[in-house]
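Please look over the model shown here before reading on.

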There are 2 protein chains.
Amino acid sequence: MQQTIKTAGLLVIGDEILSGRTKDTNTNAIALRLTETGINLREVRVIPDETDIIVAALRDFSVRFDYVFTTGGIGPTHDDKTAQAVAIAFDAPLERNAEAYARMVRHYGGESEMNPGRAKMADIPFGAALIDNPVSIAPGFIVKNVHVMAGVPHIMAAMLDSITPRLKGGPKVHSFSVSAAMGESRIAPGLEAIQNKYPDLSIGSYPRFNPAGPSVTLVARGTDAALAQKAVNDIAAEIRRLGGEPVFE
Amino acid sequence: MQQTIKTAGLLVIGDEILSGRTKDTNTNAIALRLTETGINLREVRVIPDETDIIVAALRDFSVRFDYVFTTGGIGPTHDDKTAQAVAIAFDAPLERNAEAYARMVRHYGGESEMNPGRAKMADIPFGAALIDNPVSIAPGFIVKNVHVMAGVPHIMAAMLDSITPRLKGGPKVHSFSVSAAMGESRIAPGLEAIQNKYPDLSIGSYPRFNPAGPSVTLVARGTDAALAQKAVNDIAAEIRRLGGEPVFE
């Protein structure tokens, strides 16, 4: 029985990433989670806090990928534009979400603690499902196939945990690797032959440079674990043939 | 005299970023350098090692931005597809670049050391300018407005240093910030009023969550340094009005 490959796109929303002020760490956390879940992350796009650009990217990604994830832009301040952009992109107007509002009232200790900034975080596109936020309560949300999460890494991680059980992956990609203390150019021809021998696998070569001399890690990835392991054994044999010592990771 | 804003797009090319195997650190290094240079990074796109996708992204970015930068995919192995993609995108066929080849022969200690993998790194689109690589010699290159760099961070950094003097920025964006130990929702209304007062500035709010309680950093960015400083002073006054203590960074 053939399972369909599931794809995803990630929109990282925030001027602070593009200016270099903030280092994005969410991409790697989401990429690892999707790989574990059997979802193939096909594109990450970092875009500014500009409604038109966010709307266009949401519409584009929503039709191109099975799952779309966004990080950033759902806080209480004027520069948080993601919820409004989702509302425009999918014609789902922002409404005060009663459940989200109630959670926040409970968390902050009463209606009197709900200033306009906090209330803004309960304004969510009509019909959205909420994403639990055990860290700071104000929820993320899901509209169509778009999963809208916070940008603060600790909160994003909690929201990602909340949605993971609902994500339906396809066949999982298995990855095996072997390293050697040699320049990658030496193994390039043998590696290409091995890639041609296993067209269903993706074989990658990742060099490192350090003062002691070059080294390289060769990775075979594919949905057939036994096949990927076989390819890595072939690569190890090629490393030995070239006089090197394969190191399995 | 009004200077034109210069824009840039960055293509991060590599399956290993999308799978989560590798954490991309090049984006932040390039973002910071562009900000210092007065170039406005408008989009970062992470894409897989697939020629068609790279070609389409190169063509799209090349017309949309003043400067395009790419990282990854110019090594000696079969999964390095960036040079071929640039050749296709801009109809500039790959040719053995004599200068690149000569540099590598010198570096490796003679023609006999030039295996096919190394020679592949001297196959560069016709008419390209070379980007010096003092770390591992095999150069990057420039075709039209596209600057093609290595993916290994240490090599990318050396190539970025090589091209920086040639980048012509527009007016530099200055950034000032102030922090306070309060939730960002409290300052949200005052901050929006300050943003409205200074439409030429971009004012951002960046919360942090930690066990001791919330804190927030407010940032004013713009090409007029005095104006950005003035806005930050207004924000500090608003923090004091709310009973907080502004901390300048």
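## Overview

Chain A has 9 helices and 12 strands, where helices (H or I, at least four residues) and strands (E, at least two) are DSSP runs numbered from the N terminus. This is a predicted model, in which local features need pLDDT of at least 70 and side-chain atom pairs count only at pLDDT 80 or more, while totals for chains, interfaces and linings use all residues. Residues are numbered from 1 along each chain as its sequence is written, chains are lettered from A and ligands numbered from 1 in the order in which they are written, and side-chain values use heavy atoms, with hydrogens and water left out.

**Chain A as a whole**

- Taken along the principal axes, the C-alpha atoms of chain A fill a box of roughly 75 × 50 × 35 Å.
- Of the 249 residues of chain A, 57% count as buried, a term that means under 20% relative accessible area, with exposed meaning over 50% and partly exposed lying in between (1.4 Å probe, protein chains only).
- Among the contacts in chain A with a separation of 6 or more, 69% come from residues 24 or more positions apart, a contact being heavy atoms within 4.5 Å.

**Helix 2 and helix 7 in each chain**

- Two packed helices are described by the angle between their axes and the distance between the axes.
- In chain A, the axes of helix 2 (residues 26-37) and helix 7 (residues 153-163) come within 10 Å and cross at roughly 15°, the axes being lines fitted to C-alpha atoms, for helices over the stretch in contact, with angles that run from 0 to 180 degrees between N-to-C directions.
- That crossing makes helix 2 of chain A roughly parallel to helix 7 of chain A, since angles under 35 degrees count as roughly parallel, over 145 as roughly antiparallel, 65 to 115 as roughly perpendicular and the rest as oblique.
- Helix 2 of chain A passes helix 7 of chain A in a right-handed crossing, and a crossing is right-handed if the near helix is turned clockwise from the far one by less than a right angle, and left-handed if anticlockwise.
- On the side of helix 2 of chain A the contact is made by A:Asn26, A:Ala29, A:Ile30 and A:Arg33, and on the side of helix 7 of chain A by A:Pro153, A:Met156, A:Leu160 and A:Asp161.
- In chain B, the axes of helix 2 (residues 26-37) and helix 7 (residues 153-163) come within 10 Å and cross at roughly 15°, and these two helices of chain B are therefore roughly parallel to each other.
- The crossing of helix 2 of chain B past helix 7 of chain B is right-handed, and B:Asn26, B:Ala29, B:Ile30 and B:Arg33 of helix 2 meet B:Pro153, B:Met156, B:Leu160 and B:Asp161 of helix 7.

**Helix 8 of chain B**

- The 14 residues of helix 8 (residues 184-197) of chain B should span 20 Å at 1.5 Å a residue, and the end C-alpha atoms are 19 Å apart, which agrees; the expected span is 1.5 Å times one less than the number of residues.
- Helix 8 of chain B bends by about 35° at B:Gly190, the bend being the angle between axes fitted to the seven residues ending there and the seven starting there.
- The buried residues in helix 8 of chain B include B:Glu184, B:Ile187, B:Gly190, B:Leu191 and B:Ile194.
- Those buried residues pack against helix 6 (116-120) of chain A, together with strand 10 (202-208), strand 11 (215-222) and helix 9 (225-241) of chain B.

**Buried positions in chain B**

- B:Gly204 lies in strand 10 of chain B and is buried, with a relative accessible area of 4%.
- Not counting residues up to four places away in sequence, B:Gly204 touches A:Asp79, B:Thr217, B:Leu218 and B:Val219.
- B:Asn97, found in the loop between strand 4 (94-96) and helix 5 (98-108) of chain B, is buried with a relative accessible area of 16%.
- Not counting residues up to four places away in sequence, B:Asn97 touches B:Ala122, B:Ile124 and B:Leu130.

- Helix 4 (residues 82-89) of chain B is mostly covered, with 6 of its 8 residues buried.
- Most residues other than glycine have a negative phi.
- B:Asp91, which follows helix 4 of chain B, has a positive phi near 50°, and this residue is exposed, with a relative accessible area of 70%.
- B:Lys144, in the loop between strand 7 (140-143) and strand 8 (146-149) of chain B, also has a positive phi near 50° and is exposed, with a relative accessible area of 63%.
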